[in-house]
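Reader: I have a model open here and want to go through its side chains with you. Can we take it piece by piece?

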Amino acid sequence: MRKIRNVATVGALAALAVGAGTAFSTTASAAPNVTPQGVCGSSYKTVNSAPIGTLGTVYLTYNSKNGKNCVATIRTNPGTYKNMSTYIYVPATDEYDEDYGSYTSFAGPAYVYGKGYCVSWGGNIDNVYVTVDNSNCASLKEHRTTEVR
């Protein structure tokens, strides 16, 4: 379903750009301002985040009404297509979701039911990968890793 959203978005933006003539350029400034709530939904509040070097940030959000967590990886400077991903995992329930591909501004959303559980989450932009394990739980200390591959 996420792949369909991205294809539809690219098609809509292409049609807009063609219809607008020179009103839109291909620079990053033409991209919309993307927020975690814009990707995950307005009911989701940011509860944690991790920088992906200077390329962007991966956000962990939570919806207290349905008990779900959502993650989104958002670029600092949208533009050309880059390899991106976002994922979330609940070890206690083995529930997992991810989104990955070649995107211009964000990867996601990825959702799991996380109420009362520790979660592991992360993402990448290009060759910079971030993982956050044992997050948002009182019993374990969070562990963050950033690596360049």
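Author: Let's start with a charge and a ring: the charged end of R149 sits over the ring of Y129, 3.9 Å from its centre. This is a predicted model.

Reader: What does the protein average in pLDDT, and what share of the residues score at least 70?

Author: The average pLDDT is 83, and 79% of the residues score at least 70. Over residues 1-31 pLDDT stays under 50, and the model has 21 contacts beyond four places in sequence for that stretch.

Reader: OK. Back to rings. How many aromatic pairs does the structure hold?

Author: Three aromatic pairs. One of them is formed by Y44 and Y111, which is tilted, with 5.6 Å centre to centre and 55° between the planes. Y44 is in the loop between helix 2 (36-40) and strand 1, and Y111 is in strand 6 (residues 106-113), so the pair ties together parts that are 67 residues apart in sequence.

Reader: And Y44, buried or exposed?

Author: Y44 is buried, at 6% relative accessibility. Y111 is partly exposed, at 26%. The cut-off for buried is under 20%, which is why these two are classed apart.

Reader: What geometry do Y87 and Y96 have as a pair?

Author: Y87 and Y96 are stacked, at 6.3 Å centre to centre and 25° between the planes. Y87 is buried at 18% relative accessibility, while Y96 is partly exposed at 43%. Ring pairs also link Y87, Y89 and Y96 into a cluster.

Reader: Switching to cysteines. How many disulfides are there, and what pattern do they follow?

Author: There are two disulfides. Counting bonded cysteines along the chain, the pattern is 1-2, 3-4.

Reader: Take C40 and C70. How far apart are the sulfur atoms, and is the disulfide left-handed or right-handed?

Author: The sulfur atoms of C40 and C70 are 2.1 Å apart. The torsion about the S-S bond is about -75°, so this disulfide is left-handed. C40 lies in helix 2 and C70 in strand 3 (residues 68-75), so the link ties together parts that are 30 residues apart in sequence. Both C40 and C70 are buried.

Reader: And what about C118 and C137?

Author: C118 and C137 form a disulfide with their sulfur atoms 2.2 Å apart. With 105° about the S-S bond, the link of C118 and C137 is right-handed. It links distant parts of the chain, 19 residues apart: C118 is in the loop between strand 6 and strand 7 (119-125), and C137 is in the loop between strand 8 (128-135) and strand 9 (143-148). C118 and C137 are both buried.

Reader: Now N48. Where does it sit, and which side chains does its side chain meet in polar contacts?

Author: N48 is in strand 1 (residues 45-52). Its side chain makes a polar contact of 3.3 Å with the side chain of S135 and one of 2.6 Å with the side chain of R144.

Reader: What about M84, buried or exposed?

Author: M84 is buried, with a relative accessible area of 0%. M84 is found in strand 4 (residues 82-90). Beyond four places in sequence, its contacts include T73, R75, Y100, F106 and I125. M84 and I74 are 9.0 Å apart, C-alpha to C-alpha, and ten residues apart in sequence.

Reader: Last topic, the backbone. Where is there a cis peptide bond?

Author: A cis peptide bond joins G108 and P109, with omega about 5°. P109 is in strand 6. Most peptide bonds are trans, and most residues other than glycine have a negative phi.

Reader: Which residues other than glycine have a positive phi here?

Author: D94 is one of them, with phi near 60°. D94 lies in the loop between strand 4 and strand 5 (95-103), and is exposed at 55% relative accessibility. D126 also has a positive phi, near 55°. D126 lies in the loop between strand 7 and strand 8 and is partly exposed, with a relative accessible area of 29%.

Notes: Residues are numbered from 1 along each chain as its sequence is written. This is a predicted model: local features need pLDDT of at least 70, side-chain atom pairs count only at pLDDT 80 or more; totals for chains, interfaces and linings use all residues. Side-chain values use heavy atoms; hydrogens and water are left out. Helices (H or I, at least four residues) and strands (E, at least two) are DSSP runs, numbered from the N terminus. A polar contact is a pair of N or O atoms within 3.5 Å; within protein, one must be able to donate a hydrogen and the other to accept it, and residues adjacent in sequence count only if both atoms are side-chain atoms. Rings of Phe, Tyr and Trp (its six-membered ring) pair if their centres lie within 6.5 Å; planes under 30 degrees apart count as stacked, over 60 as edge-to-face and the rest as tilted. Buried means under 20% relative accessible area, exposed over 50%, partly exposed in between (1.4 Å probe, protein chains only). A charge sits over a ring if NZ of Lys or CZ of Arg is within 6 Å of the ring centre and within 35 degrees of the ring normal. A disulfide is a pair of cysteine sulfur atoms within 2.5 Å. pLDDT is the predictor's confidence in each residue, from 0 to 100. Contact means heavy atoms within 4.5 Å.
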